[in-house]
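Here is a short briefing on one protein chain. It covers the nonpolar core and the charged pairs.

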Amino acid sequence: MKKALLIAFVAITVLAGCKKDDGPSDKLSESIQGRWDLTKEYYLDKKNGTKTAEGTENYDIGYYYIVFSGNNFKIYDGGQLEDEGTFTISSNEITLDYGAGDIDKNPIEFKSNSEFVVKNTSSTKQGADTYDYYSEETFKKN
């Protein structure tokens with residue numbers, strides 16, 4: 001009887017001491033909560049491998065931003081709601097699900113607790129021509 005009580009006591013103590021370990025995506029999902037303003041965008045366009053445009057745009061706070069709340073996001077452009085949906089995040093990728101099969105998966109890099117960069121690469125073919133697009137969008141926590 002004493003042995004059974006001792007085992008039960010140890011089991012209860014161990015279980016009570018266990019804490020749910022949030023995985024990396026849980027911690028990232030918590031740290032990304034809130035409003036993030038687009039502050040800078042670098043872009044590079046190519047046609048058939050030849051650069052056609054390259055530049056950097058700087059943006060004022062409040063011009064374009066995204067708000068993460070729970071697992072939802074809302075994108076604002078010029079203060080007006082532009083899009084919304086749900087998101088998931090890992091240490092190197094963010095997935096925005098706009099619904100109806102419209103999903104964006106892009107690499108994400110955290111520069112600090114208050115800044116991240118989303119990278120976007122796409123390629124389209126029109127006839128014999130191939131158009132490549134690359135951008136890096138820098139967001140700062142507001």
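The largest nonpolar core of this predicted model has 17 residues. Ile32, Phe68, Phe116 and Phe139 have the most contacts inside this core. The structure also holds six salt bridges.

- Strands β1 (34-47), β3 (64-69), β4 (72-77), β5 (80-89), β6 (93-99) and β8 (115-126) each supply at least two core residues.
- β3 gives the largest share of this core, with three residues.
- Phe139 touches Trp36, Asp37, Leu38, Tyr64, Ile66, Ser114, Glu115, Phe116 and Val118, leaving aside residues up to four places away in sequence.
- In soluble globular proteins, nonpolar side chains tend to be buried together.

**Salt bridges**

- Arg35 pairs with Asp37 in a salt bridge, and their closest N and O atoms are 3.0 Å apart.
- Arg35 is partly exposed, at 26% relative accessible area, whereas Asp37 is buried, at 0%.
- Lys47 and Asp129 form another salt bridge, with the closest N and O atoms 3.9 Å apart.
- This pair links distant parts of the chain: Lys47 lies in strand β1 and Asp129 in strand β9 (residues 129-141), 82 residues apart.
- Lys47 is partly exposed, with a relative accessible area of 33%; Asp129 is partly exposed too, at 23%.
- Lys51 forms a salt bridge with Glu54, where the closest N and O atoms are 2.9 Å apart.
- Glu54 counts as partly exposed, at 41% relative accessibility.
- A network of salt bridges links Glu109, Lys111 and Lys119.

Definitions and conventions:
Residues are numbered from 1 along each chain as its sequence is written. This is a predicted model: local features need pLDDT of at least 70, side-chain atom pairs count only at pLDDT 80 or more; totals for chains, interfaces and linings use all residues. Side-chain values use heavy atoms; hydrogens and water are left out. A nonpolar core is a set of buried Ala, Val, Leu, Ile, Met, Phe, Trp, Tyr and Cys residues joined through side-chain atoms within 4.5 Å. Buried means under 20% relative accessible area, exposed over 50%, partly exposed in between (1.4 Å probe, protein chains only). Helices (H or I, at least four residues) and strands (E, at least two) are DSSP runs, numbered from the N terminus. Contact means heavy atoms within 4.5 Å. A salt bridge is a side-chain nitrogen of Lys or Arg within 4 Å of a carboxyl oxygen of Asp or Glu.
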